[in-house]
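Welcome! Here is a short tour for anyone meeting this structure for the first time.

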Amino acid sequence: MGNQTYLLETNDLTKTYKGTKVVNGLSLQLEEGEIYGFLGPNGAGKTTTIRMLLGLIKPAKGNVTVFGKDLTKERIAILKQIGSLVESPSYYPHLTGKDNLETLRKILQVPKSRITEVLEMVRLTKMADRKVKEYSLGMKQRLGLAASLLGRPKLLILDEPTNGLDPAGMIEIRELIRQLPAKYGMTVLLSSHLLTEIDQVATKVGIIAKGEMIFQDRIEVLREKASRKLHVQMDDWETGQKVLSSHGIETARHDNWLTMPNQPDGKIAEIVKELVYSGLNIYRVSEEIASLEDIFLNLTKGEETL
Amino acid sequence: MMFSNVLKSEWLKLKHSKVVFIVLASPVLATVIGLFTTMHVPEHQWLGTITTMILAHSAIFLPLLTGVFAALICRHEHSGGGWKQVLTLPVSRLQIYFAKFIVILFLLTLTQTAFITATWVAGTLKGFSDPFPFVNVFVSAGVGWLACLPLIALQLWLATMLKSFAGPSVVNVMLTFPAVVIANSPLFGPMYPWAHPLLGMTQALSYSLGGDAGFLDSAVTFYVVMITSFALFTAVGSVHFQQREWV
Ligand SMILES: Nc1ncnc2c1ncn2[C@@H]1O[C@H](COP(=O)(O)OP(=O)(O)OP(=O)(O)O)[C@@H](O)[C@H]1O
Ligand SMILES: [Mg+2]
C-alpha cells in the first residue's frame, strides 16, 4: 500500500473457475471523483471483478478495500455507500417502476421524493406507474440506473450501463454519468467492451484482458500512445510527395491521398502553404482519430478470450 | 428497526402477485368438501364436518402450499435477476433470508385463519345449532401451523438454491402423496415431515376434545423429528444462502 489512500483499491485480486484464473492478480486503484473506465473484450473478467468488488462472490486470493475498509470485514458499511448495476438490470416484472424502486427505498431509507428525482434523472417519469413487464430493454436499463442512484451513493459501480440503449439514449446516459462527480460528488467505475463508450467520459482507464490488467492510467496517457496520422488529398500526389520529402516528411500514398505522421499546428499550416505554392489543388486535410481504438485492439490483440 | 424495513420490502413484492388466491384455495375447497360430506359423529354435531375438512386440508394441500409459498417468494429474484440487487443492499444476507421466511409464515397464518373461518362457514351453512367449537379448531390449526415449519424451512432452502420453479415443486408433490399412507404407520408417520401437517392437525383436534382418535401413536417422536428437522433445514438453508456465490 502506498502513501496515497484510494477510494477503492484491490490487491492481487484473483478468481478461479474450474482451474482457470479468470481474474488474475488484479490491482485496481480508484481515486475519489474519478470516472474509471474498466475496459476489456468479452470474457475478459470485468463482470467477475465487479462481482468481487460488491461481495457477491469471494476472491480465491487478494483483497478489496473500499473507503479505507476491508470488504470482507465491513461489507454492510461499505455497501451503504455504493450503488451498482451488474450485467443486466434487476427488476420485479409484476410491479410498477415506482414500486420497484420502493422495495429498495424501504431498505435504503431515503425520502420518497428521491424516487421521483432518480426517475427524472434517467427520464423514466412517464413510465413510473406502468408495470415493468411492459418496459422495453432500454427502459429496464434506465430503471436499473435509477435504482443504482437511489441511495445517493458515494461510489457507483456500473457494468455495461448503456447495454440495450439506442444511440440517443447512450449519449444521454453518458452525459448523465459525466456530470455525476461534479454535481453529486460521486465516483464512478464504469465497465465496457467498447473504447468509444468510455473514451468521452472516463478520466482514468483500466484495460483488462484474459483476467489481467494490461494498462491502467489516465486516459491522456492512453491517447498519447496513439500514433496519430494526417491525411492530405490532392490532385497531383507525385509532386506533393516530392515537395514534402524535401521538407523531411516521408509519406505513404493511397489513391490520391498522402498519409504522414501527425504534425503540430504550425507545421501543418506550412505544409499546406508549400503544397499550394507548388501549384497543387488540395481537396481535403484530415486527421485520423480512430487510433485510440487501434491501441485498445493492439493491447488486447491475440487475446482469444472466448 | 432495520429488519422491519427488509420485511416491508419483501411484503411489497407480493403486490399484484395474486397470492391471495393461493392463500384461499385450500380453505375454499375444504368448505366445498365439508358441505357435501356425509360423515357424521352422533355425539358431536360439528365433528364429522370438521374432521373431513381437516383431512382434505392437511393431507395434501398444506404440504403442497409450503412449496408453493417458498417458490413464489423467490420466483422474481430468480427470473428478474433480483438476487444481485437485493444482496448488494446494505443488509446482511441472513436478514434477507429470514425476512422471506417470515413472509411465508405470515401467508401460512392467513391460510390457517381462513381455514378456521371455513369450518365455521361450512357448519353454519349446514344449519348446525350447537356452538362452534372454536377452541378445538383453533388448536388444530395452530399445531398444523407448527407442523409445517420443517417443510417451510426445507422448501425455502430449495427455492433459494435452485433457479427453477418446477424442480422443487415436483419433488414436493411426489413426497406429499405418500404422506397419507405413511401417516397411518405408527412407526414411520412421525418420522416423515410431509405427514406432519396431517398428523398434527388431526391429533390436536382429537386431543383437545379429550379423545385420542388421531393417527399419532408416538407424540415424542413426532415432536423430536419436527424440532430437529426444522432446526436442521433452517440452519443448512440459511448458512448455504449466506455462503454461496451469487452469479
Ligand atoms: N459462474 C461461472 N462459472 C464458470 N466460469 C465463469 C463463471 N462466470 C464467468 N466465468 C468465466 O469467466 C470469464 C470472465 O467472465 P466475465 O463475465 O467476467 O467477462 P466480462 O469481461 O464481463 O465479459 P462481457 O464483456 O462479455 O460481459 C469468462 O471466460 C467466463 O466464461
Ligand atoms: Mg460482463
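B:Leu24 is partly exposed, with a relative accessible area of 39%; buried means under 20%, exposed over 50% and partly exposed in between, using a 1.4 Å probe and protein chains only. This residue sits in helix α2 (residues 19–36) of chain B. Helices (H or I, at least four residues) and strands (E, at least two) are DSSP runs, numbered from the N terminus. B:Leu24 also belongs to a nonpolar surface patch, together with B:Val20, B:Phe21, B:Val28, B:Val32 and B:Phe36, with about 620 Å² of accessible area together. Accessible areas come from the Shrake-Rupley method with a 1.4 Å probe, and for residues only the protein chains shown count as cover.

A word on the source: this is a predicted model, in which local features need pLDDT of at least 70 and side-chain atom pairs count only at pLDDT 80 or more, while totals for chains, interfaces and linings use all residues. Residues are numbered from 1 along each chain as its sequence is written, chains are lettered from A and ligands numbered from 1 in the order in which they are written, and side-chain values use heavy atoms, with hydrogens and water left out.

Now to chain A, which has 11 helices and 15 strands. Of its 306 residues, 50% count as buried, and its C-alpha trace spans about 75 × 45 × 35 Å along the principal axes.

Let us follow strand β1 (residues 8–17) of chain A.

| Partner of β1(A) | Bridges |
|---|---|
| β5(A), residues 61–66 | 5 bridges |
| β3(A), residues 29–30 | 2 bridges |
| β2(A), residues 20–26 | 4 bridges |

A:Thr16 has A:Lys21 of β2(A) as its bridge partner. β1(A) and β2(A) make a hairpin with 2 residues between them, and A:Lys18 in the turn has a positive phi of about 50 degrees.

Further along comes an open, antiparallel sheet of 4 strands in chain A, in the order β13-β14-β12-β15. β13 (252–254) and β15 (282–288) of chain A stand at the edges with a single partner strand each, so one side of each lacks a neighbour in the sheet. Within this sheet, β12 (residues 229–234) and β14 (residues 257–261) of chain A pair over 5 bridges, and A:Leu230 has A:Met260 in β14(A) as its bridge partner.

Definitions and conventions: Patches are made of residues with over 30% relative accessible area and no salt bridge: like charges are joined within 9 Å, nonpolar side chains (Val, Leu, Ile, Met, Phe, Trp, Tyr) within 5 Å. A salt bridge is a side-chain nitrogen of Lys or Arg within 4 Å of a carboxyl oxygen of Asp or Glu. Two strands pair if DSSP finds at least two bridges between them.
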